[in-house]
Amino acid sequence: NSRPSQSDGLIESRAMPTQETTSPPTPLVVLRLHEQLYALPAHLVREVACIPELTSIPDLPRWIAGCMNHRGAIIPVMDLNRRLGNHIRPLEITDHIVVFEYHEDILGLIINEVVGILDPPAQPMDSLPAYAGIQHDDQKAIHHVAQISDDFVLVLNPEVLIKESSFDVTAPHEHAETRDIFPSATQSERTLLKERARSIKTAPIIEETDHHIPLAVVVLNQAHFGIDLHAVRECAEVTTVAPIPCCPEFVIGAMNLHGD
């Protein structure tokens with residue numbers, strides 16, 4: 001599958017006709033699910049993890065794959081592919097779950113991978129054709145559409161997704177069958193899924209404070225570094241670098257990024 005590079009061009013955004021376009025842009029976490037790119041506001045995303053073992057809950061919407069223990073709280077996990085009415089494909093142990101929070105409610109979304117972080121433009125957004133507004137606003141899973149070069153990114157509506165995933169995990173569910181979420185998994189793969197579930201359940205929790213700093217975490221030589229997310233414009237692939245004389249040793253040169 002071909003994926004767009006975040007350095008391919010500027011981002012254009014197109015909103016549903018009923019959406020206001022005066023609010024300031026917020027960085028987006030871009031997600032890949034099969035051949036399509038989706039996005040969530042970066043400040044809502046709490047964590048991205050490899051998909052763990054999930055517990056199937058009967059009598060729930062078909063797009064709820066199950067639930068998991070996330071840092072001591074039981075949260076629902078949505079199969080985004082099913083929710084959007086796409087072609088149903090089996091889940092793979094290489095899939096990931098992005099956990100996001102909206103108004104104190106938490107939801108996990110099954111995706112293939114995280115592509116990167118993008119910063120939308122500040123200019124007003126144009127309207128989509130009228131047929132894009134067939135659903136009522138409170139039913140739209142897609143909030144608006146952003147464009148990267150020739151590729152479209154569907155920005156998800158977190159309020160709708162949270163609303164459609166609410167359920168009481170302690171309520172009785174009698175006379176219903178559970179389903180095997182990973183029917184073709186081998187014994188070693190099931191062991192791996194269980195280990196992931198234990199890890200995402202028992203990993204240390206950072207104490208709550210009044211001073212949160214969103215970070216873009218990068219890896220260099222197996223070490224992790226954090227950069228203030230508000231200072232990050234985008235993640236880009238290194239292209240041709242022109243060396244510059246008389247620079248410090250750690251400056252390898254200059255590259256062209258969107259004409260700069």
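A contact is a pair of heavy atoms within 4.5 Å.

**Figure 1. Overview of the predicted protein chain.** This is a predicted model in which local features need pLDDT of at least 70 and side-chain atom pairs count only at pLDDT 80 or more, while totals for chains, interfaces and linings use all residues. Residues are numbered from 1 along each chain as its sequence is written, and side-chain values use heavy atoms, with hydrogens and water left out. Among contacts between residues at least 6 apart in sequence, 64% join residues at least 24 apart. The chain holds 3 helices and 14 strands (DSSP runs numbered from the N terminus: helices are H or I with at least four residues, strands E with at least two). Of its 260 residues, 37% are buried (buried means under 20% relative accessible area, exposed over 50%, and partly exposed in between, with a 1.4 Å probe and protein chains only).

**Figure 2. Confidence along the chain.** The pLDDT, the predictor's confidence in each residue from 0 to 100, has a mean of 78, and 75% of the residues reach 70 or more. Over residues 1–22 the pLDDT is below 50, although this stretch has 73 contacts in the model beyond near neighbours in sequence. Residues 171–178 also stay under 50, with 10 contacts beyond four places in sequence.

**Figure 3. Surroundings of Glu 47.** Glu 47 belongs to strand β4 (residues 45–50). Its side chain makes a polar contact of 2.9 Å with that of His 70 (a pair of N or O atoms within 3.5 Å; within protein, one must be able to donate a hydrogen and the other to accept it, and residues adjacent in sequence count only if both atoms are side-chain atoms). Leaving aside residues up to four places away in sequence, Glu 47 touches residues including Arg 71, Val 98 and Ile 200.

**Figure 4. Strand β6 and its partners.** In strand β6 (residues 73–79), 5 of the 7 residues are buried. Strand β5 (residues 64–70) runs antiparallel to β6, joined by 6 bridges; two strands pair if DSSP finds at least two bridges between them. His 70 has Ala 73 of β6 as its bridge partner. The β5–β6 hairpin has 2 residues between the strands, and Arg 71 takes a positive phi near 55° there. β6 also pairs with strand β8 (residues 105–111) in the parallel sense over 3 bridges, and Asp 79 has Ile 110 of β8 as its bridge partner.

**Figure 5. Two cysteines.** Cys 50 is partly exposed because its relative accessibility is 38%. Cys 67 counts as buried because its relative accessibility is 9%. The whole structure contains 0 disulfides (pairs of cysteine sulfur atoms within 2.5 Å).
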